[in-house]
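Subject: Structure handover

Hi,

Here is the structure I promised to pass on. Please open it alongside this email.

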Amino acid sequence: MRIGELSRRTGASVRALRYYEERGLLNPERGNGGYRAYTERDVTVVGRVQALISAGLNTELIAQVLHCFSDGGGGHELTPTCAEMVVALSAAHDRMTARITDLETSRELLGAIISAAPAPDGSGPAPEAVAGAGLGRGPDQTVAGV
C-alpha cells in the first residue's frame, strides 16, 4: 500500500509517517519510481508507535521497544530481548501511572463542579449532574476535599 493509504488506515498524517521512517520506526520497501510500499505489518507498527507516543515515550525509546516484538515491531509475540530496557520502561510506566492519577483527580473535580451546578431553572442541582456525580466521596467531603 502507498503512504496515503497507510495514513488513512492509521489516522497518522503523511508527515508523521515520514518522520517515523526518518527515526527508524518504519522501514518500507521502495517500489518502482521510489514510492514507499507499506504492508499490514506497518499498520500494526504505526498503531503501536502512536499508542506509545500518546503514553509519553519518545521515538528513541519507541525504536528500542519495537524490537521487543517479533517481526521488528509488527509481530504479536514478545521476544525476550528487552531486559536492558527495564529501567527506562519502568520509569515511563511510573510517569504514565502518575498522569493517570492526575487525570482521575481532575475528573473527580469536574464531576464535583458539575454536581454542584444549579438546574437551568435554578431549583437545585441539575438532574444530569446528580446522576453523573458518582465521585466516591463521603457526605462530609467538599469539592476542596477531592
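Overall layout

Keep in mind that this is a predicted model. The secondary structure comes to six helices and two strands. Read from the N terminus, the order of elements is α-α-β-β-α-α-α-α. The protein has 146 residues, and 29% of them count as buried. I also looked at contacts between residues at least 6 apart in sequence. Of these, 50% join residues at least 24 apart.

Helix α2

Start with α2, residues 14–22. Which of its residues are buried? They are Ala16, Leu17, Tyr20 and Glu21. These four lie on the same side of α2, because the arc they cover around the axis is only 145°.

What do the buried residues of α2 pack against? Their partners are α1 (3–10), β1 (29–30), β2 (36–37) and α3 (40–54). After the helix comes Gly24, with a positive phi near 85°.

Helices α3 and α4

Next, look at α3 together with α4, which spans residues 59–66. Their axes come within 10 Å and cross at roughly 135°. That angle makes α3 oblique to α4. The crossing is right-handed.

Which residues meet there? From α3 come Val45, Arg48, Val49, Leu52 and Ile53. From α4 come Thr59, Ile62, Val65 and Leu66. In this contact, seven residues are nonpolar, one is polar and one is charged.

Asp42

Is Asp42 buried or exposed? Asp42 counts as buried, because its relative accessibility is 3% and the cut-off for buried is under 20%. Set aside the neighbours within four places in sequence, and Asp42 is in contact with Leu6, Leu26 and Ala37.

Then turn to the right-handed crossing of α3 and α4. Finish with Asp42 and its contacts to Leu6, Leu26 and Ala37.

Best wishes

Key
Residues numbered from 1 in each chain as written. Predicted model: local features only at pLDDT ≥ 70, side-chain atom pairs only at ≥ 80, totals over all residues. Heavy atoms only, no water. Buried < 20%, exposed > 50% of the residue type's maximum accessible area, 1.4 Å probe, protein only. Arc of directions from axis to C-beta. Contact = heavy atoms within 4.5 Å. Axes fitted to C-alpha atoms, helices over the stretch in contact; angles between N-to-C directions. Parallel < 35°, antiparallel > 145°, perpendicular 65-115°, else oblique. Left-handed = near helix turned anticlockwise from the far one by under 90°. Nonpolar A, V, L, I, M, F, W, Y, C, P; charged D, E, K, R; others polar.
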